[in-house]
Amino acid sequence: MTVQTEESKSSNEDWKPKIIAFLCNWCSYAGADLAGVSRIQYPPSIRIVRVPCSGRVNPYFIIKSLTDGWDGVLISGCHPGDCHYLTGNLVARRRFAILNELLQFFGIEPGRVNFMWASAAEGERFAMLVRKATSIVKKLGPNNKFEKKW
Amino acid sequence: MGIDTENQEIENNIKKISLNLFKENKVDLIIGYKKGTLPLMAQPIIIDKEEDVDKLVWNNLCYVNLAKYLVPRIPKFVDAEKGNLRVGVVSKGCVGRALIHLASEKQLNLEEIKIIGFSCNGVINRQRIEQEIGQKEIREVFVKDDKIHVKGKDFELSFPYEEYLNELCKVCKVKSPPITAELSDVCVGECQEYSSISDDFNDVSDFELKTAEEKWEYVKNSLDICTRCYACREACPMCYCNLCFVDQNKPVWFGKTTDTSDIMVFHLIRAMHMAGRCVGCGACSSVCPVGIDLYLINRKLEEIVKRRYEFTSGLDPKILPPMMSYEMEESEEFMLEED
Ligand code: SF4
Ligand code: SF4
């Protein structure tokens with residue numbers, strides 16, 4: 001899926017990471033929308049997948065994204081207490097906490113997979129955190145660990 | 001007291017309790033260990049009458065976690081008319097833990113079970129012994145005077161017992177099956193109440209000092225030889241899904257090859273599924289045909305759930321496992337925040 005070769009990817013100074021973002025329908029996706037309509041600038045590095053709830057984000061999605069060669073993964077849901085389904089994000093948080101630690105145990109750099117909360121009213125925060133996630137992933141360079149080469 | 005006399009005592013106790021259970025008609029079947037057909041391994045046995053009680057053994061070669069046979073129940077444990085039969089399970093600490101954890105996941109009704117408990121003195125690290133012996137044929141293995149003696153056609157070697165224990169046994173804190181007040185009639189024999197378990201997890205924190213790159217290399221190198229036979233999954237009492245994610249083909253989530261990425265993903269997700277569930281029995285490592293020791297990963301899981309959720313698997317069937325519950329206020333230091 002990538003046209004660039006591994007070397008040209010990493011040696012390239014203005015290499016732009018590709019980050020897949022799973023946003024929950026009720027808060028974060030609306031937050032991204034708000035950032036958009038408010039014309040707040042954030043890097044075009046993210047590709048958004050809309051999911052019903054952060055609780056819908058199966059850890060497989062995250063790991064699969066890494067094996068498919070995405071440089072970073074971002075998952076965003078409603079703040080605890082604001083979940084449209086009441087507890088979806090609380091269930092998700094435990095999952096993410098453990099997945100995050102395991103990824104690091106397996107040698108994935110902290111910050112390649114990021115988790116955040118952003119409400120529908122937080123367009124500014126959404127843009128800010130996407131900027132932050134992008135710069136972290138950019139520093140880490142291309143994902144070459146879990147990526148399946150063939 | 002040497003290990004051999006200790007084992008003898010345990011074995012006699014198991015036999016005595018089992019006999020009583022049959023005599024008092026408290027169980028229909030008992031599952032335990034018998035002498036294996038291979039020298040370095042004891043075998044599970046299911047007995048249904050008093051006379052067979054003599055076949056039961058206990059030694060340091062009983063790797064199998066017997067809880068595996070109860071979830072899902074093998075046909076032998078179900079009667080066409082009577083329904084679920086009452087089963088006595090010869091239980092070292094981790095078998096007891098597995099049973100109790102399975103009950104906390106509502107997979108098992110402890111009322112149909114009798115835990116024949118005893119204080120386990122560990123199982124041998126079979127992989128390591130086999131590696132040391134090499135190609136030669138092992139004909140006899142026994143423990144005497146705190147040494148593991150291995151005999152073959154023209155060699156006899158001995159290994160220090162403490163050192164050649166399974167890695168998880170070395171750090172095991174739950175030697176006898178755990179028990180709570182409500183479980184007092186489930187447990188026969190030696191069980192113990194554990195209010196909480198303190199563990200320093202030094203082995204894990206040593207690993208944590210490595211950089212991401214070093215961790216990746218280390219984990220990759222230790223898993224590289226995995227043939228994806230799934231023996232570790234088959235031996236694990238906690239792996240009871242009808243359809244494992246690696247066998248799923250609608251959709252095919254992950255590759256089924258032995259490519260590095262596929263191997264790492266398999267083990268990562270296997271670990272993910274074991275979080276807060278692994279009871280540290282080491283059965284997975286004992287059965288691996290290529291000698292992969294999943295010990296460190298399993299320890300890490302134990303450490304995570306202990307640190308984050310104050311949880312140790314398999315101690316109390318009333319406590320919901322962490323992945324089945326949630327709380328509003330919880331540490332979320334890993335979340336991305338504005339500066
Ligand atoms: S993962 Fe291994 S040590 Fe943990 S319960 Fe399963 S077989 Fe036992
Ligand atoms: S038993 Fe060993 S070789 Fe088989 S899948 Fe598990 S780790 Fe891999």
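The legends below describe close-up views of a predicted model.

Residues are numbered from 1 along each chain as its sequence is written, and chains are lettered from A and ligands numbered from 1 in the order in which they are written. In this predicted model local features need pLDDT of at least 70, side-chain atom pairs count only at pLDDT 80 or more, and totals for chains, interfaces and linings use all residues, while side-chain values use heavy atoms, with hydrogens and water left out.

View 1. Rings of Phe, Tyr and Trp (its six-membered ring) pair if their centres lie within 6.5 Å, with planes under 30 degrees apart counted as stacked, over 60 as edge-to-face and the rest as tilted. By this rule there are 20 aromatic pairs over all chains. Phe146(A) and Trp216(B) form an edge-to-face pair, 5.4 Å centre to centre with 75° between the planes. Phe146(A) is buried at 0% relative accessibility, and Trp216(B) is buried at 5%; buried means under 20% relative accessible area, exposed over 50% and partly exposed in between, with a 1.4 Å probe and protein chains only.

**View 2. The charged end of Arg128(B) sits over the ring of Tyr164(B).** A charge is taken to sit over a ring if NZ of Lys or CZ of Arg is within 6 Å of the ring centre and within 35 degrees of the ring normal. For Arg128(B) the distance to the ring centre of Tyr164(B) is 4.1 Å, and Lys136(B) lies over the face of Phe155(B) at 4.8 Å from the ring centre.

**View 3. Phe146(A) and Ile148(B) are among the residues with the most contacts inside the largest nonpolar core.** A nonpolar core is a set of buried Ala, Val, Leu, Ile, Met, Phe, Trp, Tyr and Cys residues joined through side-chain atoms within 4.5 Å. The largest has 138 residues, and Tyr33(B) and Leu99(B) are also among those with the most contacts inside it; helix H8 (residues 260–274) of chain B gives the most to this core, with 9 residues. A second, separate core of 17 residues includes Ile19(A), Ala118(A), Phe126(A) and Val130(A). Apart from residues up to four places away in sequence, the contacts of Ile148(B) include Ile124(B), Val141(B), Leu157(B), Pro160(B) and Tyr164(B), contact meaning heavy atoms within 4.5 Å.

**View 4. Cys226(B), Cys229(B), Tyr230(B), Cys232(B) and Cys288(B) are the closest residues around ligand 2.** The shell holds 13 residues, a residue being near a molecule if one of its heavy atoms lies within 4 Å of it. Helix H7 (231–235) and H8 of chain B each supply at least two residues of this shell, which divides into 10 nonpolar, 2 polar and 1 charged; Ala, Val, Leu, Ile, Met, Phe, Trp, Tyr, Cys and Pro count as nonpolar, Asp, Glu, Lys and Arg as charged, and the others, Gly among them, as polar.

**View 5. Ligand 1 is surrounded by residues of chain B, including Cys236(B), Cys278(B), Cys281(B) and Cys284(B).** Leu168(B), Arg270(B) and Asn298(B) are also among the residues around ligand 1, and the shell divides into 8 nonpolar, 3 polar and 1 charged.

**View 6. Ile179(B) lies in the loop between helix H4 (167–170) and strand E10 (187–189) of chain B.** Ile179(B) is buried, with a relative accessible area of 16%. The C-alpha atoms of Ile179(B) and Gly96(B) are separated by 8.7 Å, although the two residues are 83 residues apart along the chain. Leaving out residues up to four places away in sequence, Ile179(B) touches Ser184(B), Cys187(B), Cys191(B), Gln192(B), Glu193(B) and Tyr194(B).

View 7. Most residues other than glycine have a negative phi, and most peptide bonds are trans. A cis peptide bond joins Val71(B) and Pro72(B), with omega about -10°, and another joins Lys250(B) and Pro251(B), with omega about 5°. Lys106(B), not a glycine, has a positive phi of about 60° and is exposed, with a relative accessible area of 61%, whereas Phe201(B), with a positive phi of about 50°, is buried at 8% relative accessibility.

Definitions and conventions:
Helix = DSSP H or I, 4+ residues; strand = E, 2+ residues; numbered from the N terminus.
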